[in-house]
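Colleague: I am new to reading protein models. Could you take me through a few features, one at a time?

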Amino acid sequence: MSQTHPFKPIFNKNSKILILGSFPSVISRKFGFYYTNPQNRFWRVLAGILNIAVPESIDEKIKFLLSHHIAIYDAATSCEIEGSSDAKMSKIVPVNLKPIFKAANITRVYANGGKAYEICKKYLEGEIIKATKNEVIKLPSTSPANAKFSLEKLMQEWRVVTDILRDS
């Protein structure tokens, strides 16, 4: 079934890093915000590596991201997808990152998982390198489908995000 991305990117002029997922899950599309599936570990991983409480409401999550100079979006603006499975994505239309790069000083782009990374490499790499002078960095997916990574192992891998924020 063809789906169009249902919500806007989260960023402001102070955003320094951009985290791109692949495409919102069925649950996220239903609730109208990023990573709303309680089984997805995105918010727990970021809160854990930043040593703060996990944000609960959408407003808290937006404030959390912006106060830590983090922008989020997804790599696909539309696609054919069955359910929430990245493996079932086809007819992918990549997002336009120009508005984010124009408004914010993004220095690093991270892909949340293999499919987001694949979309970035195939469609967005030139734009990302031109804007940031860096290639996209692949991080292990926070999705519950990535069961081989424990929360602790995810946090260990994702700490590179805080290293960049601390150094900037």
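The talk below covers the nonpolar core and then the salt bridges.

Modeller: First, some ground rules. This is a predicted model, where local features need pLDDT of at least 70, side-chain atom pairs count only at pLDDT 80 or more, and totals for chains, interfaces and linings use all residues. Residues are numbered from 1 along each chain as its sequence is written, and side-chain values use heavy atoms, with hydrogens and water left out.

Colleague: Which residues have the most contacts inside the largest nonpolar core?

Modeller: The general idea comes first. In soluble globular proteins, nonpolar side chains tend to be buried together. A nonpolar core is a set of buried Ala, Val, Leu, Ile, Met, Phe, Trp, Tyr and Cys residues joined through side-chain atoms within 4.5 Å. Buried means under 20% relative accessible area, exposed means over 50%, and partly exposed lies in between (1.4 Å probe, protein chains only). Here the largest core has 51 residues. Those with the most contacts inside it are L18, I19, L46, I70, I72, L97 and W158.

Colleague: What is I70 in contact with, leaving aside its neighbours within four places in sequence?

Modeller: Contact means heavy atoms within 4.5 Å. On that basis, I70 is in contact with I10, S15, I17, I19, L46, L50, L65 and L165.

Colleague: Now the charges. How many salt bridges does a search of the whole structure find?

Modeller: Side chains of opposite charge can pair when their charged atoms come close. A salt bridge needs a side-chain nitrogen of Lys or Arg within 4 Å of a carboxyl oxygen of Asp or Glu. The search finds 4. One joins K115 and E118, at 3.1 Å from N to O.

Colleague: Where do K115 and E118 lie in helix 5?

Modeller: Helices are DSSP runs of H or I, at least four residues long, while strands are runs of E, at least two; both are numbered from the N terminus. Helix 5 spans residues 114-132. K115 and E118 are 3 residues apart there, so about one helical turn separates them. K115 is buried at 16% relative accessible area, whereas E118 is partly exposed at 44%.

Colleague: And which residue does E125 pair with?

Modeller: E125 bridges to K121, with the closest N and O atoms 2.4 Å apart. Both sit in helix 5, 4 residues apart. E125 is partly exposed at 23%, and K121 is partly exposed at 27%. K121, E125 and E135 are linked in a salt-bridge network.

Colleague: What about K153 and E157?

Modeller: Their side chains meet in a salt bridge at 3.1 Å, N to O. They are 4 residues apart in helix 6 (residues 151-167), which means about one helical turn.
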